[in-house]
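Student: I have a protein model open and would like to learn how to read its features. Could you walk me through it?

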Amino acid sequence: MAVALEDLKFTLQEVLDTFKSCLSEHKEVFLEHYVAGWRGLVRFMNCLGSVFSFISKDAVNKIQILVNHLNGENGDHYITVQSMVKYELDSQLVDLTKRGSFPESGCRTLLRLHRALRWLELFLERLRTSTEDSNTSVMCSEAYNESLSQHHAWIIRKAAGTAFWALPGRATFFDVMNVGSPEQVMAVLGDALPLISEVYQVTEDLYAQNNILELP
């Protein structure tokens with residue numbers, strides 16, 4: 001029986017390597033590698049049980065939409081996030097002010113992953129600088145409140161806040177990352193987070209320049 005990619009074992013090193021491959025020398029974001037990085041992050045969330053399912057299930061759906069664009073007849077326009085944005089905007093394939101004909105546009109789909117990436121980046125940075133007695137629930141809630149929560153309806157924010165209190169302790173997170181001792185985890189996070197941050201910022205700037213940070 002085939003194993004779904006999101007069910008394979010997570011390793012933090014793999015996510016590091018994937019995000020290393022995300023940016024071209026001209027700071028273009030390769031969509032294929034971005035999707036691969038997100039598959040790794042989904043595995044990370046799934047390793048922690050159902051706590052993150054409200055985000056990971058949505059991420060899996062968004063990943064599939066982007067893969068469909070990559071593999072579709074217009075796939076050449078989806079090689080990079082930059083080429084995707086230009087193609088979809090030039091071809092008027094994006095709902096700019098209200099939900100309409102293009103709910104699965106690449107621009108809208110990636111924006112949802114982009115927002116969630118910021119939350120994970122903030123949370124992982126807190127883990128990287130945490131101590132043994134740091135509370136993962138508090139760290140995760142703070143990261144969520146600084147990022148993703150502003151894009152969620154009240155009922156989702158309420159459910160997320162409740163779910164985060166069921167998070168395992170810091171040691172469990174470090175075990176899930178599969179890179180060795182806590183010191184090794186922090187070292188790999190120290191390498192990975194600037195890469196994730198740069199991919200996030202390049203995407204943020206691109207969307208801001210094209211006035212598409214608030215797609216419905």
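Tutor: Gladly! Let's start with a term we will need: helices are DSSP runs of at least four residues, numbered from the N terminus. Please keep in mind that this is a predicted model.

Student: Thanks! Which helix supplies the largest share of the lining of the largest cavity?

Tutor: A cavity is a set of points where a 1.4 Å probe fits but cannot get out. Here the largest share of the lining, 3 residues, comes from H9. Helix H1 (12–20), helix H2 (31–47) and helix H9 (182–209) each supply at least two of the lining residues.

Student: How many cavities of 30 Å³ or more does the structure hold, and how much space lies in the largest cavity?

Tutor: There is 1 cavity of 30 Å³ or more, and about 50 Å³ of space lies in the largest cavity. Its lining includes Phe 10, Leu 41, Leu 124 and Ile 196. By class, that lining has 10 nonpolar residues, no polar ones and no charged ones.

Student: What about pockets? What is the volume of the largest pocket?

Tutor: A pocket, unlike a cavity, is an open set of points. The largest pocket has a volume of about 300 Å³. Its lining is made of 14 residues, and Asp 58, Lys 62, Arg 112, Leu 148 and His 152 lie nearest its centre. H3 gives the most to this lining, with 5 residues, and H3 and H5 each supply at least two.

Student: How many residues of each class line the largest pocket?

Tutor: The lining of the largest pocket divides into 8 nonpolar, 2 polar and 4 charged residues. For the second largest pocket, with a volume of about 170 Å³, the lining has 3 nonpolar, 4 polar and 5 charged residues. Among the residues lining the second largest pocket are Arg 115, Glu 146, Tyr 200 and Glu 214. H5 and H9 are the elements that give two or more residues to that lining, and the largest share, 4 residues, comes from H5.

Student: H5 keeps coming up. How many residues does helix H5 have, and why is it described as largely enclosed?

Tutor: Helix H5 (residues 106–128) has 23 residues and reaches 32 Å from its first C-alpha to its last, close to the 33 Å expected at 1.5 Å a residue. In H5, 19 of the 23 residues are buried, so the helix is largely enclosed by the rest of the structure.

Student: And how do I read a pair of aromatic rings?

Tutor: A pair of aromatic rings is described by the distance of the centres and the angle of the planes. The count here comes to 9 aromatic pairs. In one of them, the rings of Phe 54 and Phe 164 have centres 6.2 Å apart and planes at 55°, so the pair is tilted. Phe 54 lies in helix H3 (residues 53–71) and Phe 164 in helix H7 (residues 154–164), so the pair ties together parts that are 110 residues apart in sequence. Phe 54 is partly exposed, with a relative accessible area of 30%, whereas Phe 164 is buried at 0%.

Student: What kind of aromatic pair do Phe 123 and Phe 173 form?

Tutor: Phe 123 and Phe 173 form an edge-to-face pair, with 5.4 Å centre to centre and 80° between the planes. Phe 123 lies in helix H5 and Phe 173 in helix H8 (residues 170–176), so this pair ties together parts that are 50 residues apart in sequence. Both Phe 123 and Phe 173 are buried.

How values were computed: Residues are numbered from 1 along each chain as its sequence is written. This is a predicted model: local features need pLDDT of at least 70, side-chain atom pairs count only at pLDDT 80 or more; totals for chains, interfaces and linings use all residues. Side-chain values use heavy atoms; hydrogens and water are left out. The expected span of a helix is 1.5 Å times one less than its number of residues. Buried means under 20% relative accessible area, exposed over 50%, partly exposed in between (1.4 Å probe, protein chains only). On a 1 Å grid over the protein atoms alone, a cavity is a set of points where a 1.4 Å probe fits but cannot get out, and a pocket is an open set with protein on both sides within 12 Å along at least five of seven lines; lining residues have an atom within 4 Å of a point. Grid points are joined across faces, edges and corners, and a volume is the space filled by probe spheres set on the points. Ala, Val, Leu, Ile, Met, Phe, Trp, Tyr, Cys and Pro count as nonpolar, Asp, Glu, Lys and Arg as charged, and the others, Gly among them, as polar. Rings of Phe, Tyr and Trp (its six-membered ring) pair if their centres lie within 6.5 Å; planes under 30 degrees apart count as stacked, over 60 as edge-to-face and the rest as tilted.
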